[in-house]
Amino acid sequence: MRFPNAPVILALGLILGACAQHPPLGNAPHPIEREAVRTGDHSGIRTDEGEAIHTVRSRAGNELVVLLPKANGSVGAVVVRSTGSRPLVLNKPYAAARIDGAGRLQPSTYDADLAKKEFSATLTALPVRPVSFLLYFLEGSDEPTPESERKVERIFADIAERPYPEILVIGHADAVGTMQYNDQLSLLRAQRVREDLTRRGVPGKYIAIAGRGKREPVVRTAADAPEPMNRRVEIIVR
Amino acid sequence: MSKSLIIQRNVLTFGFLLLLCAIVAMPALAGEAGRIKVSKGEVQIERDGKRLPAPVGAMIHARDTVKTGPNGSVGITFQDNSLLSAGPNSELVIERFVFDSTTHKGEFDTALKKGTLAVVSGKIVKQSPEAMRVKTPAAIMGVRGTEFVVKVDDSVTK
């Protein structure tokens, strides 16, 4: 008896093929196409509501979108799409759109103070923005430079203020030495930073560490060249 | 061995492999999308038909619904550094969150059923503009790297 036989092997191939589809990034249809379909669905639901749609239509502007300037002062953009109008691009501070139940878009400019007031409970609940820090190290050592050592207090203070901080510590090394040596050294540097943070009271369960060796230099150098900028640890706090 | 027995074994093997596939694919489907960082007043997570408390530190998965009460508000940080917050009387569905931390490619779909929402986009949008979308009952917002607020007044439709 032969086992497993051809059908089983075929099935295995099919299943593994299906598994390889996760996550479905590569073959995702273009966002705009998908949106168009979904907008269609929305309108379908609305027309089924019969009387409700009449009420919704009679009171315009029960949805509102307002673009805000970013913390650094720059402004991005939001494209608003609905069934009742052509797409509207909001790309200026406090550019706004009202959308009624029939999906009609009404562009406007919102008052900055009114937006802050109307959305104050929501904006207050925005989490603290993720941040990253860099510490530098002495050559061939897990000892931070004196200048970096002085920064640790400030980094700790920032982390301590965050609710449930998720911390990623990534060690790096310069090009002096073998791949294996630098993998080890970069991991030692990351471990050292984790110890510094836990000693100051950050629970260890919040901290993940990794060593990237000499793979990701910020300054390109010749092989085996020392470079202070590459002997570093990144601390990413979310 | 009879032919039917072989087929039976094949079916069993097939079933086992299917199960294995499901287990392997699970993290991608139901993994952690974000964490609650701010939770004030009444906040609930609905997951697979169950209602769960939503304290600071609670995990948010794709397909979760987050609801706030009259005095509630909630802030969530996602794995791509996107931030979302919802004000009182809000209902927010995390429809889809897929993020590759190496390439920063991903897809992020949320739906605001009612209430208010603030959005700060993250790495997914930086890598692929409009890969983050916010739906309301009447519209879809494609995010091109920005901060904005949305309000859905459901007092008329209810």
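Biologist: Which residue in β5(B) is the bridge partner of Gln44(B)?

Modeller: That's Lys67(B). Lys67(B) also stands opposite Glu91(B), which sits in β8(B).

Biologist: How many bridges join β5(B) to β8(B)?

Modeller: Three, and the two strands run antiparallel; β5 covers residues 65-68 of chain B and β8 covers residues 91-99. Val66(B) is part of this too, standing opposite Leu92(B) in β8(B).

Biologist: And which strand do eight bridges join to β8(B)?

Modeller: Strand β9 of chain B, residues 106-120, again antiparallel. One pair to click on is Val93(B), whose bridge partner in β9(B) is Ala111(B).

Biologist: What's between β8(B) and β9(B) in that hairpin?

Modeller: Six residues, and in that hairpin His104(B) takes a positive phi near 65°.

Biologist: Which other residues have a positive phi although they aren't glycine?

Modeller: Asn89(B) has one of about 50°. You'll find Asn89(B) in the loop between β7 (83-86) and β8 of chain B. Over in chain A, Tyr164(A) has a positive phi of about 45°, and Tyr164(A) is in the loop between α6 and β7 of that chain.

Biologist: OK, chain A then. What's the strand order in its open sheet of four strands?

Modeller: The order is β6-β9-β7-β8, and the pairing is mixed.

Biologist: Why do β6 and β8 of chain A each have one side without a neighbour in the sheet?

Modeller: Because β6 (131-136) and β8 (207-211) of chain A stand at the edges, so each has a single partner strand. As for twist, the average is 15° from one strand to the next.

Biologist: How many bridges join β6(A) to β9 of chain A?

Modeller: Six, with β9 spanning residues 232-237 of chain A and the two strands running antiparallel. For example, Tyr136(A) has Arg232(A) in β9(A) as its bridge partner.

Biologist: Which strands does helix α6 of chain A lie across?

Modeller: Helix α6 (residues 146-160) lies across β6, β7 (167-171) and β9 of chain A, and it runs at about 160° to β6(A). Helix α7 (residues 179-199) of chain A packs on the sheet as well, touching β6, β7, β8 and β9 of that chain. The direction of α7 makes about 160° with that of β8(A).

Biologist: Switching topic: how much space lies in the largest pocket?

Modeller: About 630 Å³. Its lining has 25 residues, and the ones nearest the centre are Leu168(A), Ile236(A), Arg238(A), Gln79(B) and Ser101(B).

Biologist: Which elements give two or more residues to the lining of that largest pocket?

Modeller: From chain A, β7, β8 and β9, together with β1 (32-40) of chain B.

Biologist: How do the residues of that lining divide into nonpolar, polar and charged?

Modeller: There are 13 nonpolar, five polar and seven charged.

Biologist: What about cavities: how many of 30 Å³ or more does a search of the whole structure find?

Modeller: One. The largest cavity holds about 40 Å³ of space.

Biologist: Which residues line the largest cavity?

Modeller: From chain A, they are Pro127(A), Val128(A), Arg162(A), Pro163(A) and Arg238(A), and from chain B, Lys37(B) and Thr77(B). That lining divides into three nonpolar, one polar and three charged.

Biologist: Last thing, confidence. What's the mean pLDDT of each chain?

Modeller: For chain A the mean is 80, with 74% of residues at 70 or more. For chain B the mean is 87, and 78% of residues reach 70 or more. The model as a whole scores ipTM 0.80 and pTM 0.74.

Biologist: Where does pLDDT stay under 50?

Modeller: In chain A, over residues 12-60, for which the model has 59 contacts beyond four places in sequence. In chain B, residues 21-29 stay under 50, with eight such contacts. Where pLDDT is low, the predicted coordinates should not be read in detail.

Notes. Residues numbered from 1 in each chain as written. Chains lettered and ligands numbered in written order. Predicted model: local features only at pLDDT ≥ 70, side-chain atom pairs only at ≥ 80, totals over all residues. Heavy atoms only, no water. pLDDT = per-residue confidence, 0-100. Contact = heavy atoms within 4.5 Å. Pairing = 2+ DSSP bridges. Axes fitted to C-alpha atoms, helices over the stretch in contact; angles between N-to-C directions. 1 Å grid on protein atoms, 1.4 Å probe; cavity = no way out; pocket = protein on both sides within 12 Å on 5 of 7 lines; lining within 4 Å. Points joined across faces, edges and corners; volume = space filled by probe spheres on them. Nonpolar A, V, L, I, M, F, W, Y, C, P; charged D, E, K, R; others polar.
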